[in-house]
Amino acid sequence: MTVPWSGNRIPWTLMVFLAALWVPWLGSRYDTFLGTQIAIDALFAVSLNLLLGTTGLVSFGHVAYFGIGAYICGILMKTYGVPFALALPAAWLGAAGFALVFGFFCVRLTKIYFAMLTLAFSQIAWAICFKWNGVTGGDQGLPDVPYPDLDWMSALPGLDGLRVSDRFYLLTLALVAVSLAALRRIIGSPFGRMLTAIRENPERAAFIGVNVRRYELAAFVVAGGFAGLAGALFGIFNRGVFADYLYWTKSAEVMIMAILGGMEHFWGPVVGAATLVMLNQQITSYTEYWPFVLGVILLVLLFAFPGGIVGGLVAGVNWLRRRGGGRQSA
Amino acid sequence: MRRMGALVVACAAAALAPWGAAAESTIRIGFPMPLSGPAAVYGVPVTKGAELAVADINAQGGVLGRKLELLERDSKANADEAVRLSRELILKNNADFLIGTLTSSEAPAVSTIAKENKIVFIAPTAKTIQLTGPANLHPYIFRLASNTDIEGRTGATLVARWKDVKRVATIAPDYAYGRDAVAAFIDFIKKARPDIEIVDQQWPKLGQSDFTPFINAQMGKRPDAVFCDVYGGDFVTLAKQAGPLGYFKAINYRLADGGEVGSVDEARALGADYPFGLWSDAYDPVVWSGDEPPEHKAFVEHLRAFTKDPYGSGWAIMGYSAVEALAAGMKKAGSTDSDKVSKALLGLTFDTPVGKRTFNTATHETDSGEFWGEMVKDEHYPFAIMKEPKYLAQGPLTN
């Protein structure tokens, strides 16, 4: 984001949304599932990157808000029959609320202590979900979360004959696109600039009168809210909510997505999410030694592109442009 | 950079490689199972058992003239990965049926996907009662394993036979599996032996590294016998810590463990550290001292040759029998259509190496019990073996 190039003027969110819209018609049923998973993971990874890339806060417990959102939405929809239109905002607010409480303590610490405390809170959230049999279903989870009622979609032209999973894909895509656009605005706003200033030099930001903790907490809450939204969509997509969603390994996974794609760029985590989902599904189809293969591929990618995939691409484009420009001036 | 390009192209080519390579005529069984991480200790032997059954059936010409094909995938003991794999297996790899899953979250998660896609799903090992509970039962789900109710009841049947026992304690992992099994145990022991008093209950967490405080607290209550549901690696830790404290000796080895610590796998993990003399269960004792059924003897020899393992595993039989049950269902239905096979499986009796099992028409379960016996030292083996395994079903006081 620090390197301005003309690409910033292109409405990428809209373009990606319009391109991805065609998956149910052009791809197979399985491709639609894959697309839904990528869209949800992309939102999750971008929400983490608001902390990681923009504010410079390394959170190892971001999965907590994802899981809390999933449980709130799943419990409301399955246990209480609340419609999706209410359950989704509830998941969002609930996750943001927990982020406010946990974040209040976390932002009091810095660096590795901050990271450890976020991890501790996420493991507490996991342990509660794993044990609270009466509400969360404990280790057996909450299977059979219903799809939202999407019959209204058949009133729209062209969406008549679609399956419920295809309709849910379109809904997810639209919600993720709106969320990404909102996050993009937030990062580009004076508030977002202030977060970047905090990342670059928190002491200096404090000296010019910025309440660093309050800004960090605000970023934590916004990121938690969008993670909760992603979690709510994931619970419905997977047709169930399970304590596995909150386990720390998932925090590591989303962090790999952000770093792999490039955490210095807004679209980096999106590319990282798509890459990791595709890699995972290809490798697990061929070998049970997937951790080894995935590890080697990640190692090579990270060494070849230290700025992530998007970082590497941007560097390449800039290099080509400089070369082109050099010739013109010669 | 150029090499990177080649790698990316190779990955893309792999991504686009068509799946049609397998012969069209095979019957495909999707098999999501933990094959990596700690749960692989159970997942791998179950998979080997299924492979053995597929090899056996194919050697005899397959089912309905078609060969079986097992599509094994690593579920990573993770509910969302199991869901993703099940969708991939059904939609992309055209799996006709699903067998698999191990943990208590994977099985209900995959069950929902089986229902959505109208594909028969047989869970070989999952014990959670919720899987086939009235709220989650649907025509396509079947369970081969016993469940936590049966586990608690068979444990109670055994403890009830110890006539001089009056004070009983329980120790089990603090999550649904342990809680459900202990609840069933207490419910049943109170019916079978009203004179027995529950004097203590301990709930260590899953993956507990120090059992000492739980053991000391329990010994302080002076129980005559213990119902235990700690299993796997946790039981190894418990046994090693409880032995020096004199725990087993204090209860005169009257400990009934319902968590398959009578399996040859667990016995091998503990070796000479096994608390010889306690009582436990196994799906298949593998090493059978006493009157071994000839079918079992043949199966175990076959398994040992197939896996090149000198002793075998008590879990392989679950994968083996699940495939055999499905094959029997297809033969009865005369079809590989899941709607027809699911109807055929109801009430179907099929052979396993340890006797016949039947899918209950109401619960879709086999109501399978387990083999219980005293774990003793044997000069022929470097680990504990089950003395005269006895098949215990739900006991005389069924619901």
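**Exercise 1. Domains of chain B**

Task: How many Å separate the centres of domain 1 and domain 2 of chain B, taken over C-alpha atoms? Which residues belong to each domain?

Solution. 
- Step 1. The C-alpha centres of domain 1 and domain 2 of chain B stand 29 Å apart. The model is predicted.
- Step 2. Read the bounds from the domain assignment. Domain 1 of chain B takes 26-146 + 299-368, and domain 2 takes 149-282 + 371-392.
- Step 3. Take the contact between them. Domain 1 of chain B puts in 12 residues and domain 2 of chain B puts in 13.
- Step 4. Sort the domain 1 side by class. It holds 4 nonpolar, 6 polar and 2 charged residues.

**Exercise 2. The sheet of chain B**

Task: In what order do the strands of the open sheet of chain B run? Which strands stand at the edges?

Solution. 
- Step 1. The order is S2-S1-S3-S4-S5 in chain B, and the pairing is parallel.
- Step 2. Find the edges. S2 and S5 (141-143) of chain B each have a single partner strand, so one side of each lacks a neighbour in the sheet.
- Step 3. From one strand to the next, the average is 20 degrees.
- Step 4. Look at one pair. S1 (residues 27-33) of chain B joins S2(B) through 7 bridges in the parallel sense. B:Pro32 has B:Arg73 in S2(B) as its bridge partner.
- Step 5. Place the helix. H4(B) lies across S1, S3 (97-99), S4 (121-123) and S5 of chain B. Against S4(B), H4(B) runs at about 165 degrees.

**Exercise 3. H2 and H12 of chain B**

Task: Are H2(B) and H12(B) parallel or oblique to each other? Which residues make the contact?

Solution. 
- Step 1. Start with the axes. H2 (residues 40-59) and H12 (residues 316-333) of chain B come within 6 Å and cross at roughly 40 degrees.
- Step 2. Classify the angle. H2(B) and H12(B) are therefore oblique.
- Step 3. H2(B) passes H12(B) in a right-handed crossing.
- Step 4. Name the residues. From H2(B), they include B:Pro45, B:Val46, B:Gly49, B:Ala53 and B:Ile57. From H12(B), they include B:Ala316, B:Gly319, B:Tyr320, B:Val323 and B:Ala327.
- Step 5. Count by class. The contact of H2(B) with H12(B) has 14 nonpolar, 3 polar and 2 charged residues.

**Exercise 4. H4 and H11 of chain A**

Task: At roughly how many degrees do the axes of H4(A) and H11(A) cross? How many nonpolar, polar and charged residues are in the contact?

Solution. 
- Step 1. H4 (residues 63-78) and H11 (residues 212-237) of chain A cross at roughly 50 degrees, with axes that come within 6 Å.
- Step 2. That angle makes H4(A) oblique to H11(A). The crossing is right-handed.
- Step 3. Among the H4(A) residues in contact are A:Tyr65, A:Phe66, A:Gly67 and A:Cys73. H11(A) gives, among others, A:Gly224, A:Leu229, A:Phe234 and A:Ile236.
- Step 4. By class, the contact of H4(A) with H11(A) has 11 nonpolar and 7 polar residues, and no charged residues.

**Exercise 5. Chain B against chain A**

Task: Which element gives the most to the side of chain B that touches chain A?

Solution. 
- Step 1. Count the sides. Chain B brings 31 residues and chain A brings 30 residues.
- Step 2. List the elements of chain B that give two or more residues. They are H1 (2-16), S2 (68-74), H3 (79-92) and H4 (106-117).
- Step 3. Pick the top one. H3(B) gives the most, with 8 residues.
- Step 4. Divide the chain B side by class. It has 13 nonpolar, 9 polar and 9 charged residues.

Terms used: Residues are numbered from 1 along each chain as its sequence is written. Chains are lettered from A and ligands numbered from 1 in the order in which they are written. This is a predicted model: local features need pLDDT of at least 70, side-chain atom pairs count only at pLDDT 80 or more; totals for chains, interfaces and linings use all residues. Axes are lines fitted to C-alpha atoms, for helices over the stretch in contact, and angles run from 0 to 180 degrees between N-to-C directions. Helices (H or I, at least four residues) and strands (E, at least two) are DSSP runs, numbered from the N terminus. Angles under 35 degrees count as roughly parallel, over 145 as roughly antiparallel, 65 to 115 as roughly perpendicular and the rest as oblique. A crossing is left-handed if the near helix is turned anticlockwise from the far one by less than a right angle, and right-handed if clockwise. Two residues are in contact if their C-beta atoms, placed from the backbone, lie within 7 Å. Ala, Val, Leu, Ile, Met, Phe, Trp, Tyr, Cys and Pro count as nonpolar, Asp, Glu, Lys and Arg as charged, and the others, Gly among them, as polar. Domain bounds come from an automatic or database domain assignment. Two strands pair if DSSP finds at least two bridges between them.
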